Amino acid sequence: MIRIRTLSSVAVAALVACTTTTEPPATQGSVDQYVADARRVAGEDLKFLMPVCNPQPAVRAAPSAAMDAGLARLINQPAPVPGQAFDNLYYVGSAWVSAWVLKTSEGLILIDALNNTKEAADLIEGGMRRLGLDPAQIRYVLVTHGHGDHYGGAQMIADRYRARVVASEIDWKMMETGLEFDSKMWDRPPKRDMSVHDGDTLTLGDTTVRFLITPGHTLGTISPVFDVRHGGKVHKAMIWGGTSFNFGRDMGRLDGYIAQTERMRQLAAQWGIDVPLSNHPGFDGTVAKLKARTAAPAGANPFVSGQPVVDRAMRVLNTCARAQKARFLIAAAGGTGEAYAFASDAREGAPDDGAKDGQAAGAPLHATLSDDGRPVAGAGHPGAYSSAEVPLAFPRSLHADDHAGLCAHGEH
């Protein structure tokens, strides 16, 4: 059952507020400082977040053969072994995209459904059976945001097991009226079903999931918060629902992202969130942590990072967003109109200077993990192709006026 709950006044104010922190003038020096600050805060344990600080494209990728080929490479990577992160949380995702199964006393909640029906059948259904879970017990499919790598298998799961599909009202509208990204590699969006808004909760048996709408990656990105259990102890987990800045030169989206990372820092401290997760395994070290958990099942759970680490993760993403905002402001002031806004200090996780495999130099990386859990350089994202392949400028979302949590363009 979906229930509407009211968040604290502090949280509501943070949701609708723009970034209020005084920012230095946009110069190359300020960009370099932001990146250096993010690297310092990340340290070694959060280094997998640093590709987010790479220069990002000022235009959104349009459907193309190159985009389909890039997605195919990502989808066809060997899948990690499915595993159990907590007593009530399991991983059945790919090497690129996550799919989490939350076990309750009255059934299962699937969080994201991968790229397409085949992948969902192979990895989600197949992985669940390997872990002793029955896919027929799936009651809800939560789509964290309306991109095809997260909704691709949702309709198949819904049809096969009579599961309800849950997404934010904002991203339902986007999936119905104008996809931000599309590819032949993705199945069609699911049929509209259950809509949620910021602060709503879903209770199934002994488990309650709280939905936080964290606009930025999409306008209706959901970052769910729920309890997980290990060794008789209860921990608070949060899946950050959208990480990279693949929406082009949209300053309102960046401001929204900055505001939401600040808001999540407040809520993480208030609620004691100590398990930071992602819907892409490269952004939270899922594969390496699962291996560590399997190797020492009686030891400390590697997924329990602690509340200070959650705070640091949000600070890294916040600072990288500020760096990208400064890059765009510099490019706009210079009147260059280039497809990519570069910074001199973008070496952390950046591709080689020369373009290869259809990827432009300086294009953003969407992190994927190697066997040792490290991000793989050159692992592309739908927004990571050359300007010749993405001629359509995308300065503003089709649905930008649908969400009060975004700042007006040019307000800062």
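"Buried" here means under 20% relative accessible area, "exposed" means over 50%, and "partly exposed" is in between, using a 1.4 Å probe and protein chains only. This is a predicted model, so local features need pLDDT of at least 70 and side-chain atom pairs count only at pLDDT 80 or more, while totals for chains, interfaces and linings use all residues. Residues are numbered from 1 along each chain as its sequence is written, and side-chain values use heavy atoms, with hydrogens and water left out.

**View 1. The whole chain, before zooming in.**
The protein chain has 10 helices and 13 strands; these are DSSP runs, with helices being H or I over at least four residues and strands being E over at least two, numbered from the N terminus. Of its 412 residues, 60% are buried. Take the contacts (heavy atoms within 4.5 Å) between residues at least 6 apart in sequence: 73% of them join residues at least 24 apart. The chain exposes about 15,400 Å², and carbon and sulfur atoms supply 54% of that; the areas come from the Shrake-Rupley method with a 1.4 Å probe, and for residues only the protein chains shown count as cover.

**View 2**
Strand 11 (residues 222-230) pairs with strand 12 in the antiparallel sense, over six bridges; two strands pair if DSSP finds at least two bridges between them. Look for Arg229, which stands opposite Val234 in strand 12. The hairpin of strand 11 and strand 12 has two residues between the strands, and Gly231 takes a positive phi near 60° there. Strand 12 also runs parallel to strand 13 (residues 273-278), with five bridges joining the two. In strand 13, Ser278 is the bridge partner of Trp240. To get from strand 12 to strand 13 the chain passes through helix 8, a β-α-β crossover that is right-handed: with the strands pointing away from the viewer, the path from the first strand over the helix to the second runs clockwise. Strand 13 is mostly covered, with six of its six residues buried.

**View 2. Trp240 meets Tyr257.**
The structure holds six aromatic pairs. Rings of Phe, Tyr and Trp (its six-membered ring) pair if their centres lie within 6.5 Å; planes under 30 degrees apart count as stacked, over 60 as edge-to-face and the rest as tilted. For Trp240 and Tyr257, the ring centres are 6.0 Å apart and the planes are at 85°, so this pair is edge-to-face. Trp240 lies in strand 12 (residues 233-240) and Tyr257 in helix 8 (residues 251-271), so the pair ties together parts that are 17 residues apart in sequence. Both Trp240 and Tyr257 are buried.

**View 3. An aromatic cluster around Tyr91 and Trp100.**
Ring pairs link Phe86, Tyr91, Trp100 and Phe303 into a cluster. Within it, Tyr91 and Trp100 are edge-to-face, at 5.1 Å centre to centre and 75° between the planes. Tyr91 is buried, and Trp100 is too.

**View 4. Two arginines over rings.**
A charge sits over a ring if NZ of Lys or CZ of Arg is within 6 Å of the ring centre and within 35 degrees of the ring normal. Arg60 has its charged end over the ring of Phe181, 5.0 Å from the centre. Arg210 lies over the face of Trp271, at 4.2 Å from the ring centre.

**View 5. Gly252 in helix 8.**
Gly252 sits in helix 8 and is buried, with a relative accessible area of 5%. Gly216 is 36 residues from Gly252 in sequence, and the two are 8.4 Å apart in space, C-alpha to C-alpha.

**View 6. Helix 3 against helix 4.**
Helix 3 (residues 65-75) has several buried residues, including Met67, Leu71, Leu74 and Ile75. The buried residues of helix 3 pack against helix 4 (117-130).

Most residues other than glycine have a negative phi. Leu114 has a positive one, near 65°, in the loop between strand 5 (107-111) and helix 4. Leu114 is buried, with a relative accessible area of 0%. Arg162 is not a glycine either, and its phi is positive at about 55°. Arg162 is in the loop between helix 6 (154-161) and strand 7 (164-168), and at 79% relative accessibility it counts as exposed.
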